[in-house]
Amino acid sequence: MTGRANGRRRPPTRRRSTRPPGGRLVVVLVILVLGFAGILVRLFVLQVAQASSLQSLARSQRLHHIPLPATRGTIYDRQGRELAMSVPAKAVFVDPSLVTDPGSEAEAIARVLGLEQADVYADVTRTTVDGHANRFAYIAHGVLLGQAAELQKLHLDGVGFQDESRRLYPQQDVAAQVLGVVGMDGTGLEGLEYQYQPLLAGRPGDEAVQEDVNGTLIPQAGQSVTPPVAGSNLVLTIDSDIQYRAQLALAQDVRRNHAHGGTIIVMDPHSGQVLAMASYPTFNPNTFGSFPSEDRENRAVTASYEPGSVNKVIGAAAALETKSVSVNDRFTVPDAMQIYDHVFHDAEPHPTRIMNLADILAYSSNIGMIEIAENRLTPGLLSSYLHSFGLGARTGVGFPGEASGILPPAGTWSGTSVPTIAIGQGVAVTPLQMACVYATVANGGVWVQPSLVRGTVDASGTYRPAASPATRRVISASTASQLTRMLAYAVDVGTGQQAQIPGFWVAGKTGTARIPLPQGGGYYTDRYEASFIGFAPAASPAIEVAVVIDAPKTVFGGIAAAPLFQEVERFALARMHVPPASRLPVPTHLVPTG
Amino acid sequence: MSVARAEPAVRRPAGADRPARPERRRPRRLRVVASRSRRRWPFAVFATLLVGGLLVAVVAAQALVAQNSFRLQDLQARLTQLQQAGDELRLRVALDTAPGRIADEARKLGLRLPPSDDVYSLPVAGPAMGRTGSRTPPFPNGSSPRSSP
């Protein structure tokens, strides 16, 4: 029933009051539209325009990256014994503002870690420049876990621990100059540690964790872990037993001869693998900071010296190879000879003798070798053989700081250069270069690049041998054989008799070289480099030893260096299970004639 | 053929012809009826059991996950501990087998290196052992027995 049916009409005023006015609706609509539009604009800005930057901001606030350090590779000797290894350790630090009893804490820390109490006390009471307590100071690095655990049990105020690793050299100073050292940040600084840094270091990993605003780990949040890749292990050619014995004998020899220092190299002449390499004085890489930098230098590779008479083997090789001299040629050899303005002498005065090449080498006659170089060789020929034997160029062993020595170009030689260089003065070589010269003779005339690394073992345990060494033929096998017999003769009857080893036939040559003044312009009158380089068994060479003694009071290589050669060569032969080889018959021309 | 009288299309309501009688109010009698809730209790029990069972299952699963997580953590900690112990033992072996330490111990026991003239090398039959130029890997099976992890 409607109002109309009832005959009544709804009052107009009431109808107007229930219907909102159009204007208000429009206003509300506009406000709502504007509001939603604002929200949409803001959404667009947040979700589209600034999306990437806000995402990265949120990620940076939430994500925390923890670096996972890679374990540095181990360095083994040729028998698989550790020469350098990394072990987990702790750095101990202190917040001095939290330390309540500095005296007793310093005493406890010093006792556990074996430090000076005064040093620790200075750390735990360290203040800033304006007198406030410092908030952080390292007390010790590389603390082994056992010591760290003992210290943790004391619950000392303000003392904290940080994970790190420590590089240790368990054999102390054995092969220290070859291995080098690693810095506080785990980076190789010297030696093989530096040379093989990329290989040994591995690749660090990363763990990304999510944290709330208070830094609390969000356990359910996703974590991404990139595991570290451990560094590869190095397997050296060094034998730690031979190395230890060589170092011990070298130190005793240097002391016995009141020398300044010395260098020794033991190598396999066929493969070029270095079995031992050491210089004296040496150092302990576990505490390398307390040694002078000169002691850390691997002088077998980085130092040059004038080789003296051991260089005569190159002139002899050139003369024999070019058939400029035959083994039967005889020379009239006085004890002095003037060439241009310079008078050359033999080591000791002697009456004029008749000598062949074997005698000249055996008795290390300067004048005999000068006669051969002056009359049978040309500067170009001598220079080319010096180069072929590897003088004036790095050996390729790759050791950091390797010296190339000094070999002046033949075009710049003066009238006295040929005789000077023929007797091993006026050129500079490294002990390793000179060892390679004799290894060439022992190896049948083939020069072999020396090596210190036998192979690598990667993180999965796979062994990869090092690349084969570069080789080149320098002299023929027959020339090498003739030279070997002459060098054996030098040990049998000549200047190298103290290098003889009972039961073995030894070949070698002594050297006594003058030492140039550091400012140039002459030589010391009372300082010499004494050396001996040889190998055994002469008939089937297996082990070569090169010895250089710096400024011994005993002067001569046959006295200062040959006994050291004998001791180390003998040990190395036994260590490598090398049996004696029968002597070859000594030809009649090698019987001394003068 | 008889023809039945057709029924009216629309049936009258009963009593339509009868005069309307005044409706007599009869007192309502209370009776017991089956309660609705009693009829739904199996469902409620079932639902409760289902939800409860699911809850227990979820909690059990969570507990299992958490337990495994704790176990994993424990095992990882144990692994780290064993690796550290292994490293320490490796270090101990390396220190003990160092030539210098062996020489020191030998010296303490009264041993000495013989003078070189006292040592004689006896020739042995067969080829030389330990030829230094060998390309054989130093470790058996081509891998290091002591390689770092």
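Where does A:Pro281 lie in chain A? A:Pro281 sits in the loop between β10 and α12 (299-302) of chain A. Keep in mind that what you're looking at is a predicted model.

A:Pro537 belongs to the loop between β20 and β21 (543-550) of chain A. Then there's A:His258, which isn't a glycine and yet has a positive phi of about 50°. To find A:His258, go to the loop between α11 (240-256) and β9 (261-267) of chain A.

| Site | Backbone feature | Value |
|---|---|---|
| A:His258 | positive phi | phi about 50° |

**Chain A as a whole**

Chain A carries 21 helices and 21 strands. What radius of gyration does chain A have? It comes to 39 Å, while a compact globule of 594 residues would be near 25 Å. The C-alpha trace of chain A covers about 165 × 60 × 50 Å along its principal axes.

**Two open sheets in chain A**

Let's start with the sheet that has 5 strands. The order is β10-β9-β21-β20-β19 (chain A), it's an open sheet, and the pairing is antiparallel. At its edges stand β10 (274-280) and β19 of chain A; each has a single partner strand, so one side of each has no neighbour in the sheet. From one strand to the next, the twist averages 10°. The antiparallel pair β19(A) and β20(A) is held by 9 bridges. If you want a landmark there, look for A:Gly508, which stands opposite A:Gly534 in β20(A).

The other sheet is built from 3 strands in the order β1-β6-β7 (chain A), again open and with antiparallel pairing. Its edge strands are β1 (63-68) and β7 (224-226) of chain A, and each pairs on one side only. The twist here averages 20° from one strand to the next. Helix α4 (residues 51-62) of chain A packs on this sheet and touches β1 and β6 of chain A. The direction of α4 makes about 55° with that of β1(A). How many bridges join strand β6 (residues 205-210) of chain A to β7(A)? There are 3, and these two strands run antiparallel. A:Asp206 stands opposite A:Thr226 in β7(A).

As for what holds such arrangements together, strands of a sheet pair through backbone hydrogen bonds, either parallel or antiparallel.

The largest cavity has a volume of about 50 Å³. Its lining draws on both chains: A:Val87, A:Pro88, A:Leu144 and A:Leu145 from chain A, with B:Gln84, B:Asp87, B:Glu88 and B:Leu91 from chain B. Which elements give two or more residues to that lining? They are β3 (82-94) of chain A and α1 (36-96) of chain B. With 4 residues, α1(B) gives the most to the lining of the largest cavity. By type, that lining divides into 5 nonpolar, 1 polar and 2 charged residues.

Conventions. Residues numbered from 1 in each chain as written. Chains lettered and ligands numbered in written order. Predicted model: local features only at pLDDT ≥ 70, side-chain atom pairs only at ≥ 80, totals over all residues. Heavy atoms only, no water. 1 Å grid on protein atoms, 1.4 Å probe; cavity = no way out; pocket = protein on both sides within 12 Å on 5 of 7 lines; lining within 4 Å. Points joined across faces, edges and corners; volume = space filled by probe spheres on them. Nonpolar A, V, L, I, M, F, W, Y, C, P; charged D, E, K, R; others polar. Pairing = 2+ DSSP bridges. Axes fitted to C-alpha atoms, helices over the stretch in contact; angles between N-to-C directions. Contact = heavy atoms within 4.5 Å. Rg over C-alpha atoms; globule rule 2.2 N^0.38 Å.
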